[in-house]
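Work through the exercises below with the model open. Each task is followed by a solution in steps.

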Amino acid sequence: DQGEQDQLALSLADIFAWDFDFNTDTQNGDEFKVIVEKKYLNGKLATYGKILAAEYDSGKQHYQAVLFRDPSEQPAYYAPDGKAVKKAFLRSPLRFAAPITSRFSYHRFHPILKRYMPHLGIDYGAPMGSKVQAVGDGTVIFAGWDRGGGREVKLRHARGYETFYLHLSHILVHRGQRVHQGQIIALTGESGLATGPHLDFRIEQHGQFRNFLALKLPPARSVSSKDWPEFEKVRGRMLEELAGIHPRDHGVEQASLHPSSPSQDAKR
């Protein structure tokens, strides 16, 4: 409604994708705030720069992120308590518009086999050809046809985790390939035993299938002690700016960032 481009929504979702599933968790009335750099050419928006700070409030869950740097001096987002926002796994194998149609269960009536049996994954009702992303860095250990699962990709991750992506229409990776978190590895379909297009996503830890929706993700790293004083300054400045933004206001206003901030051209 404020005339922003789709890329800003995608970038905002990417920041909180480790804690918040934008497929299923968003509700009418949610509020968000963003402090973002904008680059102009001849008075018109050419592209977005970095998101310097962001906040998402769903009423039940409240997230904040501030741009800082990781130990390797690369840009990274941190929560106000100094813990890295990025975690080992994304909260969903799909980015948007994929409602959950079937949940993890040890006793579900199979719509094709007509009998009760375990369903050890999460079904997302995604349209045919939707992009499937790897939820974490890993290695492809299977990419092919697997009986009732149809076309399937299986990834091996650190700490004994493996993830499964079933009923695909196209596979975009091969066995032995290293993939990174967020990489598109396949397209959704209805191959194998399926009544319609969807993605059956499963996760296994040390040989035991787990309920991904209830799984506690591995802890995030924190700001190092030597960087903490500088982080406190950046955090204080950004949180003050976020607090001054009123979500129900319309229009875009010039942010009054302190001259020592990462950018003097930031707008909110």
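**Exercise 1.** Find which residues Ile185 touches, leaving out those up to four places away in sequence.

Solution. In this predicted model, the partners of Ile185 include Val132, Gln133 and Ala134. Further partners are Val153, Leu155 and Tyr165. Ile171, Leu172, Val173 and Val179 complete the list.

**Exercise 2.** Decide whether Thr188 is buried or exposed, and find what its side chain reaches.

Solution. Start with the location: Thr188 belongs to strand S14, residues 184-188. Its relative accessible area is 0%, and buried means under 20%, so Thr188 is buried. The side chain of Thr188 reaches the backbone oxygen of Pro127 at 2.7 Å. Beyond four places in sequence, the contacts of Thr188 include Ala126, Met128, Gly129, His167 and His198.

**Exercise 3.** Which side chains make polar contacts with that of Glu4?

Solution. Glu4 sits in the segment before helix H1 (6-16). With a relative accessible area of 30%, Glu4 is partly exposed. Another, of 2.5 Å, joins the side chains of Glu4 and Tyr48. Glu4 and Tyr48 are 44 residues apart in sequence, with a C-alpha to C-alpha distance of 10.0 Å.

How values were computed:
Residues numbered from 1 in each chain as written. Predicted model: local features only at pLDDT ≥ 70, side-chain atom pairs only at ≥ 80, totals over all residues. Heavy atoms only, no water. Helix = DSSP H or I, 4+ residues; strand = E, 2+ residues; numbered from the N terminus. Buried < 20%, exposed > 50% of the residue type's maximum accessible area, 1.4 Å probe, protein only. Polar contact = N/O pair within 3.5 Å; in protein donor to acceptor, adjacent residues only side chain to side chain. Contact = heavy atoms within 4.5 Å.
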